[in-house]
Amino acid sequence: MSKRLGMWGGVGSVLLLLSIVVSVSMGTAYVPLSDTWPIVLHHVPFLGDLFHADWPISSEQIISKVRLPRVVLAALVGACLSLAGAGFQGALRNPLADPYTLGVASGAAVGAAFLILFGLQLAIAGRWSIPIVAFATGMTSLLIVLRLAGTGGKLQLETVILSGVVVQAFLGSIVSFMVTLSDQVVNEIIYWLMGSLSLRGWSYSGILVPYLLVGLFVLMANGRTLNLISLGERQAEHLGVHVARTRLVVLVVSTLITAAAVSVAGTIGFVGLVVPHLVRLMVGPDYRLIVPVSALLGAVYMIWADTLARMLLSPTEIPLGVITAFLGGPFFVYLLRKHKRRLRM
Amino acid sequence: MTLLLRMERLDKYYGERKVLDQLSFSVAEGEFFGILGPNGSGKSTLLKLLSGIVKPDGGELALNGSPIGGYTRKQLSRVLAVLQQEPIPPASFTVREVVEMGRYPYQNWLGDDSGASDEIVDAVLDQLNLAELRHIMLTELSGGERQRVALGKAMAQQPSVLLLDEPTTYLDIGYQIQMMDIVKAWQRERKMTVVAVLHDLNLAAMYCDRMLLLHKGSIVGIGTPGELVRGELIRRVYGTKPIVVEHPLYGLPQILLRQGGAHDEP
């Protein structure tokens, strides 16, 4: 098990580093790959001293000040959303669950947008205000969705997603309405409803890191328990698992990291759906592997989605959520069909 | 004779409806104890109470002398394992991975086992003839084989009490006998106590040391198969009068059904 974790972790890390370097060299101003390698590695602690600054200052400026912060933020947001997706899927035993389809992302967006659009960013708890409020509203919408979907304590797979989508649409329109009331209409709507990573400095990455680490730690610690739950709640209880407690912890933590990602990047859909599924196809059903590998490959996935978003119609940017929906929507349909076939059998 | 499980005036309500009414009985260490009764008699509810997942609304339930509510979940699952009626779903875990899940009660939060996990799991796999299937995924097994894997998971818990909830419901007769034989052999070898909810009276008569007959939430009788499998008692509880014959090999009572004998009230 730890051997397999090491192998997949290694593969994922190499892929992540490669993606960062290649993605950073892509953009309107050309920076050769031979320069991006040392510039990126220069930022890695301990390794930095090995590289002498023999690259053009302009390249260093473009990469360190503009592209690298954005790529790193993309990686963090992707890791957070994929981690949350894996958590939601495990806790609810629902392969279609993800921060977006459960309405959690939109719920978090309502809280965050409210604070930002009415200038209350620092009102409650300083720079942590937005994530905290986003978490509260995200958790509230998750509870509403589960309440709507529950019949006699049982959660029907498709009903959860149906109520999630309804709540998501409703909350999305609240966000649009709030943005309409404010001054900078067009750009902000796109930002909140479709997500974007443009013009974000290093400080945003700093906000995300602690959430990501806490989320990774808690979900990995619950990996074995999620495995047991995946074989049925009753038999998990017979093995000594506190199913309700585990479920609550995992749902809360997944909502927390979703809220953090949404507060810096808006609602980006389907990432938490696509990535854990691809990971499951590669590493199997073991959550002790699914959780960390999802975080790594979620980072890679988001880096490339964002690179597409800024490169495809350059210099015009496509909203990031549009790209992820283009990729994720058909994937959702595929999963739904696959699942229905299995039910009929 | 040590009393392992002791029930004292156990009550259970579902809403207004009383499903278990003042049940008092005990099960001795090393005993194979059957719980029988018609549909809706409360036998599944009784098993849920015994497994500690559902709390009784009245009365006392003690395991090894201490009330079952005093055990933590993990403590309880080191003493008591449950084999459910429904087979485990066909997930893409391997046979060995699932059997190893039975070690969960012995693992700390990092997943380190306090016992010799690998040896125990391998021994269980050998005992259940699953060694050759160890790297096969559940998705490729038949229902009967998956039920055997579920039994392996329970064995890896190294319990002193095994609760069986109609474990043979979805199995054909070959697998039924195989399952019961494995449990019986395991029970003898480790002096384990087995409490089994069964609906097949003939199977119960062959394997149980003592049985409890439940009807509408109350105990109708407790005793050996010879004392309980009697035409008149069966008719009173199940509403059909069977022919009771003697098993030609074991001398135990077995029943034969007859047509048109349903629900002839006394």
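The structure is a predicted model, in which local features need pLDDT of at least 70 and side-chain atom pairs count only at pLDDT 80 or more, while totals for chains, interfaces and linings use all residues. Residues are numbered from 1 along each chain as its sequence is written, chains are lettered from A in the order in which they are written, and side-chain values use heavy atoms, leaving out hydrogens and water.

A:Tyr334, with a relative accessible area of 42%, is partly exposed. A:Phe331 and A:Tyr334 lie three residues apart in helix α14 (residues 320-344) of chain A, and so are separated by about one helical turn. Helices here are DSSP runs (H or I, at least four residues), numbered from the N terminus.

Across all chains, the whole structure holds four aromatic pairs (rings of Phe, Tyr and Trp, the last by its six-membered ring, with centres within 6.5 Å; planes under 30 degrees apart are stacked, over 60 edge-to-face and the rest tilted). The pair of A:Tyr100 and A:Phe270 is tilted because its planes stand at 55°, with the ring centres 5.4 Å apart. This pair links distant parts of the chain, 170 residues apart: A:Tyr100 is in the loop between α3 (57-92) and α4 (104-117), and A:Phe270 in the loop between α11 (243-265) and α12 (271-283) of chain A. Both A:Tyr100 and A:Phe270 are buried. A:Phe331 and A:Tyr334 also form a tilted pair, at 5.9 Å centre to centre and 50° between the planes.

Two packed helices are described by the angle between their axes and the distance between the axes. Helix α1 (residues 2-25) and helix α13 (residues 287-311) of chain A pack at about 15°, their axes 10 Å apart (lines fitted to C-alpha atoms over the stretch in contact, with angles from 0 to 180 degrees between N-to-C directions). α1(A) is therefore roughly parallel to α13(A), a term for angles under 35 degrees. By class, their contact comprises 15 nonpolar, six polar and three charged residues (Ala, Val, Leu, Ile, Met, Phe, Trp, Tyr, Cys and Pro are nonpolar, Asp, Glu, Lys and Arg charged, and the others, Gly among them, polar).

Methods. Helices (H or I, at least four residues) and strands (E, at least two) are DSSP runs, numbered from the N terminus. Angles under 35 degrees count as roughly parallel, over 145 as roughly antiparallel, 65 to 115 as roughly perpendicular and the rest as oblique. Buried means under 20% relative accessible area, exposed over 50%, partly exposed in between (1.4 Å probe, protein chains only).
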